[in-house]
Amino acid sequence: MKRRNLLTTLGMAAATVVLVGCGQGEQPQQTSSTESAPEIQKPIEWKLVTSWPKNFPGLGTAPERFAESVNKMSNGRLTIKVYGGGELVPPLEVFDAVSSGTADMGHSGAYYWKGKDPATQFFTAVPFGLNAQEISSWIHYGGGQALWDEVYQPFNIKPMAGGNSGVQMAGWFNKEINSLDDLKGLKMRIPGMGGEVLKRLGGVPVNIPGGELFTALQTGAIDATEWVGPYNDLAFGFYKVASYYYYPGWHEPGSMMEFTINLDAWKQLPEDLQAIVKTAARATNQDMIDEYTARNNAALQQLVNEHGVKVKRLPDDVLIELKKVADEVTQEVAASSDLADRVYQSFDQFREQSKAYHDITEVAFYEARSLEK
């Protein structure tokens, strides 16, 4: 009898072990009435203001694509609404809006903010400076990003590369440019260091938003304008109010656009969303130059063949003098502060290295490709 009871007890114990091992003997844990389920993160909504007309080809569509990419990659955790120039803030007040937190992000060009700090101009375009490939490389692999962060930090802004137009056209003129004398008294829309170069050669630089350029040319408020290149210039219809289309774009050899982010808003993002924003910005930066490369030639052919635009090259003596004065202007900007000088030294060293290498690669290839029997 005792032996039977012992076996029965052992059997019940073994069964209990099996049930527990399978998870069937576990008792559900009781949740304290004071505990609650983890809080679900609410979607973050940002406002992005731009200096461009809403959905304008290239410049305006880039921030829209960026916002769409961030929304998809974050699965809706970070949504960004894009406002065209003038919808929420004036086109040339993007920097202030982002700095103050009126907007969380901006998309524009750094040379518009030279009044904030002259060093900003190195991060869009320097006359006879870096082309699109080179400035992107300087920012991402040549130390440019760290310097850019340093320039913008006092303004509570985090900058990122946000696209590039490639080498631009020299602009639209209502008269031929045959010598330096033709630049004297010329009222031209041209921003940044290029505008200062024109001023020193007797011209009158004007900085107005893109959306106002057609009317300004039409009414004679300005005599000439540079904007971007054939793809954008065709959309604005400049061929209707100016006959001469000059190249090369000495003033903007590779204009890098920028995303600006309010630093407080940036720091509040979790690391994974910061990574998504960085990745989307990097993709947008490449996507824009791809689009301009694909669209500009077709647009130029349309301007010439359908609208009779006269495409002309600036004379060599004009270009030589433009470069001479541009070098003086660039060095004066560098001398404006210790930080500007450090930016310039980094920029200039990268330019010289790129030039030496590209002379035996890119330039040599272009020359070889043009050879004929």
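## Second largest cavity

Trp52, Leu59, Tyr111, Tyr112, Gln168, Arg189, Trp227, Val228, Glu252 and Met257 line the second largest cavity. A cavity is a set of points, on a 1 Å grid over the protein atoms alone, where a 1.4 Å probe fits but cannot get out; lining residues have an atom within 4 Å of a point. This lining divides into seven nonpolar, one polar and two charged residues. Ala, Val, Leu, Ile, Met, Phe, Trp, Tyr, Cys and Pro count as nonpolar, Asp, Glu, Lys and Arg as charged, and the others, Gly among them, as polar.

The space here is about 60 Å³. A volume is the space filled by probe spheres set on the points, with grid points joined across faces, edges and corners.

## Basis of the model

The model is predicted: local features need pLDDT of at least 70, side-chain atom pairs count only at pLDDT 80 or more, and totals for chains, interfaces and linings use all residues. Residues are numbered from 1 along each chain as its sequence is written, and side-chain values use heavy atoms, leaving out hydrogens and water.

## Largest cavity

There are two cavities of 30 Å³ or more. The largest has a volume of about 90 Å³. Its lining has ten nonpolar residues, with no polar and no charged ones. Among them are Phe173, Met188, Trp250 and Leu322.

## Largest pocket

A pocket is an open set with protein on both sides within 12 Å along at least five of seven lines. The largest one holds about 1400 Å³ of space. It is lined by 42 residues, and Gly129, Asn131, Val167, Pro248 and Pro253 are the closest to its centre. By class, the lining has 18 nonpolar, 14 polar and ten charged residues.
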